[in-house]
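Please walk me through this structure, one contact at a time.

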Amino acid sequence: QDAEIVRTRDPQRLAGCDVVVDVGGEYDPGRHRYDHHQRSFTESMRSLRPDKPWSTKLSSAGLVYCHFGSQILAALLGQPEDGPVVTALYDKLYENFVEEIDAMDNGIAPAAGEPRYALSTTLSARVGHLNPRWNDPDQDTEVG
């Protein structure tokens with residue numbers, strides 16, 4: 001709760017961080033580095049947790065969820081991490097929320113051919129609406 005959040009791509013500043021997410025070009029959970037922007041990165045929930053069925057390439061959000069989601073849910077619910085309640089909630093949250101983030105961030109279409117439905121909004125679009133418009137006099141992206 002007392003963590004300082006640093007927004008940077010400066011490798012020297014990143015080197016001093018305890019946890020790095022979505023920047024740095026490195027996936028190394030042992031060192032708490034959770035980036036998916038390397039050409040060699042192909043991890044999915046199934047490749048990291050073979051008991052899970054999802055093969056969508058993970059984004060940094062999915063990596064953090066994969067490694068810490070069960071632990072966080074267990075703490076919030078006061079339930080054992082490997083118990084049926086945490087397992088069911090972990091799976092449902094991934095399948096119905098986090099997987100969309102992974103797919104959108106990695107440019108994966110919701111269908112292999114012609115989409116069967118129109119997406120009127122996505123989490124990415126909702127976040128994007130918080131950014132200033134191109135002609136807003138105040139271009140501070142931190143306000144939203």
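Tyr 94 is buried in this predicted model. Its relative accessible area is 0%. That value counts as buried because the cut-off is under 20%. Tyr 94 sits in helix H4, and its partner Trp 54 lies in the loop between H2 and H3. The pair therefore ties together parts that are 40 residues apart in sequence. The two ring centres are 5.1 Å apart, with the planes at 50°, so this pair is tilted. Trp 54 is also buried, at 9% relative accessibility.

Ring pairs link Trp 54, Tyr 65, Tyr 90 and Tyr 94 into a cluster. Across the whole structure, a search finds 5 aromatic pairs. One of them joins Tyr 27 and Phe 41. This pair is edge-to-face, at 5.7 Å centre to centre and 90° between the planes. Tyr 27 is in strand S2, while Phe 41 is in the loop between S3 and H2. The two residues are 14 residues apart, and the pair links distant parts of the chain. Phe 41 is buried, with a relative accessible area of 5%.

Next come the helices. Two packed helices are described by the angle between their axes and the distance between the axes. Helix H3 covers residues 60-77 and helix H4 covers residues 84-105. Their axes come within 10 Å and cross at roughly 145°. The crossing is right-handed. On the H3 side, the contact residues include Ala 61, Gly 62, Tyr 65, Cys 66 and Gly 69. Further along H3, Ser 70, Leu 73, Ala 74 and Leu 77 also take part. From H4 come Val 85, Val 86, Leu 89, Tyr 90, Leu 93, Tyr 94, Val 98, Ile 101 and Asp 102. What is the make-up of this contact of H3 with H4? Its residues divide into 14 nonpolar, 3 polar and 1 charged.

Leu 58 is another buried residue, with a relative accessible area of 0%. Its place is in the loop between H2 and H3. Which residues does Leu 58 touch, not counting those up to four places away in sequence? They are His 36, Phe 41, Glu 43, Ser 44, Met 45, Leu 48, Leu 63, Cys 66, Tyr 94, Asp 102 and Asn 106. Phe 41 and Tyr 94, from the ring pairs above, are among them. The C-alpha atoms of Leu 58 and Met 45 are separated by 6.9 Å, although these residues are 13 residues apart along the chain.

Ser 44 is found in the loop between S3 and helix H2 (45-48). At 7% relative accessibility, Ser 44 counts as buried. Leaving out residues up to four places away in sequence, Ser 44 touches Trp 54, Ser 55, Thr 56 and Leu 58.

Now the strands. An open sheet holds 3 strands in the order S1-S3-S2, with mixed pairing. Strand S1 (20-21) and strand S2 (27-28) are the edge strands, and each pairs on one side only. S2 and strand S3 (residues 33-34) run antiparallel and are joined by 2 bridges. Asp 28 stands opposite Arg 33 in S3.

The last stop is Asn 131, in the segment after helix H5 (123-128). Is Asn 131 buried, exposed or partly exposed? Asn 131 is partly exposed, with a relative accessible area of 39%. The C-alpha atoms of Asn 131 and Val 143 are separated by 8.0 Å, and the two residues are 12 residues apart along the chain.

How values were computed: Residues are numbered from 1 along each chain as its sequence is written. This is a predicted model: local features need pLDDT of at least 70, side-chain atom pairs count only at pLDDT 80 or more; totals for chains, interfaces and linings use all residues. Side-chain values use heavy atoms; hydrogens and water are left out. Two strands pair if DSSP finds at least two bridges between them. Helices (H or I, at least four residues) and strands (E, at least two) are DSSP runs, numbered from the N terminus. Axes are lines fitted to C-alpha atoms, for helices over the stretch in contact, and angles run from 0 to 180 degrees between N-to-C directions. A crossing is left-handed if the near helix is turned anticlockwise from the far one by less than a right angle, and right-handed if clockwise. Contact means heavy atoms within 4.5 Å. Ala, Val, Leu, Ile, Met, Phe, Trp, Tyr, Cys and Pro count as nonpolar, Asp, Glu, Lys and Arg as charged, and the others, Gly among them, as polar. Buried means under 20% relative accessible area, exposed over 50%, partly exposed in between (1.4 Å probe, protein chains only). Rings of Phe, Tyr and Trp (its six-membered ring) pair if their centres lie within 6.5 Å; planes under 30 degrees apart count as stacked, over 60 as edge-to-face and the rest as tilted.
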